[in-house]
Amino acid sequence: VDGTNTDLKGKFRFAHAETIMPLISILGLYKDSEPLMADWTEEQQANRKWKTSEIAPFAANVQFILYECSSGFSVKVLVNEVEQILPGCSSVYCDFQEIIAFYTPQLTCDYQSWCFDGDTLCEYYCS
């Protein structure tokens with residue numbers, strides 16, 4: 001996507017459900033309109049979108065498929081082999097730049113100050 005010519009056809013990463021669920025949450029998928037409440041009826045509970053047993057079953061997976069199109073790059077996301085429409089996108093094939101524009105403001109944080117009290121990594125661990 002950055003203009004680099006490469007023959008790489010796939011890059012695969014593997015993780016546990018405990019890392020897949022936060023990723024799916026950050027992506028804004030399976031988002032319920034109301035938080036789960038203790039007084040919900042069985043019907044309300046059954047109709048929830050966020051169901052961990054369905055989102056992260058054994059062998060859960062998230063796929064990001066990058067397509068090079070004449071108009072630029074598009075991305076399709078699948079969760080457990082089911083196509084998803086990302087927030088900010090109008091179809092399962094979403095323009096890469098639209099994804100960047102939507103998620104960039106949500107993912108900006110001062111990691112250095114949060115995790116290392118403003119020190120560099122070496123200053124934090126070496127002193």
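Q: A salt bridge is a side-chain nitrogen of Lys or Arg within 4 Å of a carboxyl oxygen of Asp or Glu. What makes Lys76 and Glu83 count as one?
A: The closest N and O atoms of Lys76 and Glu83 are 3.2 Å apart. That value is within the 4 Å limit, so the pair is called a salt bridge.

Q: What kind of model are we looking at, and which residues get a say in local features?
A: This is a predicted model, where local features need pLDDT of at least 70, side-chain atom pairs count only at pLDDT 80 or more, and totals for chains, interfaces and linings use all residues. Residues are numbered from 1 along each chain as its sequence is written, and side-chain values use heavy atoms, with hydrogens and water left out.

Q: How many salt bridges does the structure hold?
A: There are 2. Asp32 and Arg48 are both buried.

Q: What makes a stretch a helix or a strand, and how many of each are there?
A: They're DSSP runs numbered from the N terminus: helices are H or I with at least four residues, strands are E with at least two. The chain has 6 helices and 4 strands, and from the N terminus the order is α-α-α-β-β-β-β-α-α-α.

Q: Where does Tyr93 sit, and which residues does Tyr93 touch?
A: Tyr93 is in the loop between β3 (82-84) and β4 (94-95). Contact means heavy atoms within 4.5 Å. Setting aside neighbours within four places in sequence, Tyr93 is in contact with Tyr67, Val75, Lys76 and Glu83. That list takes in both partners of the Lys76–Glu83 salt bridge. From C-alpha to C-alpha, Tyr93 and Lys76 are 5.0 Å apart, although they are 17 residues apart in sequence. At 45% relative accessibility, Tyr93 is partly exposed.

Q: How do you know that the buried residues of α1 line one face?
A: The buried residues of α1 (residues 17-27) are Ile20, Ile24 and Leu27. Seen down the helix axis, they fall within an arc of 60°, so they line one face. The arc is that of the directions from the helix axis to the C-beta atoms. As background, an α-helix has 3.6 residues a turn, so residues three or four places apart point the same way. The buried residues of α1 pack against α3 (52-55), β1 (62-69), β2 (72-79) and α4 (96-103).

Q: What makes a set of residues a nonpolar core, and how many residues does the largest one have?
A: A nonpolar core is a set of buried Ala, Val, Leu, Ile, Met, Phe, Trp, Tyr and Cys residues joined through side-chain atoms within 4.5 Å. The largest one here has 16 residues, and those with the most contacts inside it are Ile24, Leu29, Val62, Leu86 and Ile99. At least two residues of this core come from each of α1, β2 and α4. Leu29 is in contact with several residues beyond four places in sequence, including Ile24, Trp50, Val79 and Leu86.

Q: Why are Cys89 and Cys94 called a disulfide?
A: A disulfide is a pair of cysteine sulfur atoms within 2.5 Å. The S to S distance of Cys89 and Cys94 is 1.9 Å, so the pair qualifies. A search of the whole structure finds 1 disulfide, and with -70° about the S-S bond this link is left-handed. Cys89 has a relative accessible area of 13%, so Cys89 is buried. Cys94 is buried too, at 3%.

Q: Where does Ala59 lie, and why is Ala59 called buried or exposed?
A: Ala59 lies in the loop between α3 and β1. At 56% relative accessibility, Ala59 counts as exposed. Its phi is near 65°, a positive value in a residue other than glycine.

Notes: Buried means under 20% relative accessible area, exposed over 50%, partly exposed in between (1.4 Å probe, protein chains only).
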